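Subject: Handing over the structure

Hi,

Here is the structure I promised to pass on.

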Amino acid sequence: MEIDIFTLFPDAFDWFERQHHVAGALAHGTTLGYVNYRDHTPLKAGQVDDTPFGGGAGMVLRVDVVEAALRARYGLDPVELRAQRRVLALTAAGRLLDDELVDDLAREPSLTLLAGRYEGFDQRVIDHFATDEVSIGRYVLAGGELAAMVVCDALLRKLPGALGHEQSVVEESYSKALEGAPEYPHYTRPAEYRSWRVPDVLLSGHHARIREWRLAQSRARAAGEPPDGSLP
Ligand code: ADE
């Protein structure tokens with residue numbers, strides 16, 4: 001998969017690229033590219049934002065600046081671009097990111113992520129250049145960089161090479177294998193710690209019963225019930 005991130009702070013992604021699963025996906029052919037809006041602005045002195053029409057606090061990322069950056073990277077009108085690839089505008093108000101959307105995005109050959117800053121984008125960026133408006137939660141971040149990392153993190157771990165155990169992405173929280181429910185609880189050694197015992201079924205070696213127990217735990221979590229063995 002080829003992912004391009006448009007941002008005013010490409011350096012913010014240095015740490016992200018060093019993470020094991022990200023480095024693994026990159027080694028398997030995924031590419032992460034960065035475009036700094038400021039490098040392509042048609043305005044003087046590196047200006048990229050402006051005051052909002054109608055007044056109000058904060059600054060808004062300009063539509064002509066975003067267009068110039070997209071044109072510089074892809075060499076075509078961004079209105080046409082969005083017929084060719086998914087372009088995600090990251091905003092606090094967008095569609096909430098969930099496992100279904102991540103699966104959907106993981107099937108794309110290429111993606112463009114637009115990170116905003118300040119008060120966000122001129123609405124025309126979202127209306128005419130983006131295919132999706134995506135939020136990572138109902139809170140406002142200072143910029144879209146962390147949101148872009150969250151989208152990429154969730155997505156890259158679904159791609160080959162990102163994780164050592166490919167099975168772990170099949171049966172995990174909110175996956176189809178678990179009927180969209182949160183994942184069951186995990187335990188490891190020691191089997192008993194400060195009198196807190198691991199549920200017996202997990203030590204039984206009886207795979208069918210373990211599977212049944214895990215599914216029941218997952219369903220109970222979805223229903224808001226406490227996990228087995230977590231009495232006060
Ligand atoms: N930009 C600012 N807040 C955001 C959020 N919650 N999700 C995605 N992008 C954002």
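Let me start with one residue. Thr30 is buried, with a relative accessible area of 6% (buried means under 20% relative accessible area, exposed over 50%, and partly exposed in between, using a 1.4 Å probe and protein chains only). You'll find Thr30 in the loop between H2 and S2. The H and S labels are DSSP runs numbered from the N terminus: helices are H or I with at least four residues, and strands are E with at least two. Not counting residues up to four places away in sequence, Thr30 touches Met1, Ala25, Leu156 and Leu159, where contact means heavy atoms within 4.5 Å.

Before going on, some ground rules. This is a predicted model, in which local features need pLDDT of at least 70 and side-chain atom pairs count only at pLDDT 80 or more, while totals for chains, interfaces and linings use all residues. Residues are numbered from 1 along each chain as its sequence is written, and side-chain values use heavy atoms, with hydrogens and water left out.

Now the inside. A nonpolar core here is a set of buried Ala, Val, Leu, Ile, Met, Phe, Trp, Tyr and Cys residues joined through side-chain atoms within 4.5 Å. The largest one has 27 residues, and Ile3, Ile5, Phe16, Leu113, Val151, Cys152 and Leu156 have the most contacts inside it. Two or more residues of this core come from each of strand S1 (2-7), helix H2 (20-27), strand S5 (86-96), helix H6 (99-106), strand S6 (110-115) and helix H8 (145-156). H8 gives the most to this core, with seven residues.

Leaving aside its neighbours within four places in sequence, Leu113 is in contact with Ile3, Asp4, Ile5, Phe6, Leu88, Leu90, Ala148, Val151 and Cys152. There is also a second, separate core of 21 residues, and Leu8, Val65, Ala69 and Leu70 are among them.

What about S1? Five of its six residues are buried, so S1 is largely enclosed by the rest of the structure. Two strands count as paired if DSSP finds at least two bridges between them. S1 runs parallel to strand S2 (residues 31-36), and six bridges join them; Ile3 has Leu32 as its bridge partner in S2. S1 also pairs with S6 in the parallel sense, over five bridges, and there Ile5 stands opposite Leu113.

Next, the pocket. I ran a 1 Å grid over the protein atoms alone: a pocket is an open set of points with protein on both sides within 12 Å along at least five of seven lines, a cavity is a set where a 1.4 Å probe fits but cannot get out, and lining residues have an atom within 4 Å of a point. The largest pocket has a volume of about 360 Å³, the volume being the space filled by probe spheres set on the points, with grid points joined across faces, edges and corners. Its lining has 24 residues, and Leu90, Thr91, Ala92, Glu119 and Gly120 lie nearest the centre. S5, helix H7 (123-128) and strand S7 (132-135) each supply at least two lining residues, and the largest share, four residues, comes from S5. The lining divides into 13 nonpolar, eight polar and three charged residues (Ala, Val, Leu, Ile, Met, Phe, Trp, Tyr, Cys and Pro count as nonpolar, Asp, Glu, Lys and Arg as charged, and the others, Gly among them, as polar).

A few backbone details to look up:

- The peptide bond from Arg189 to Pro190 is cis, with omega near 0°. Pro190 is in the loop between H8 and strand S8 (192-193).
- Ala45 has a positive phi, near 60°, without being a glycine. Ala45 is in the loop between helix H3 (37-40) and strand S3 (49-50), and counts as exposed at 88% relative accessibility.
- Arg194 is not a glycine either, yet has a positive phi of about 50°. Arg194 sits in the loop between S8 and strand S9 (196-197) and is exposed, with a relative accessible area of 61%.

Last, Glu171, which lies in the loop between H8 and S8. Glu171 counts as buried, at 16% relative accessibility. Leaving aside neighbours within four places in sequence, Glu171 is in contact with Ala177, Leu178, Glu183, Tyr184 and Arg211.

Cheers
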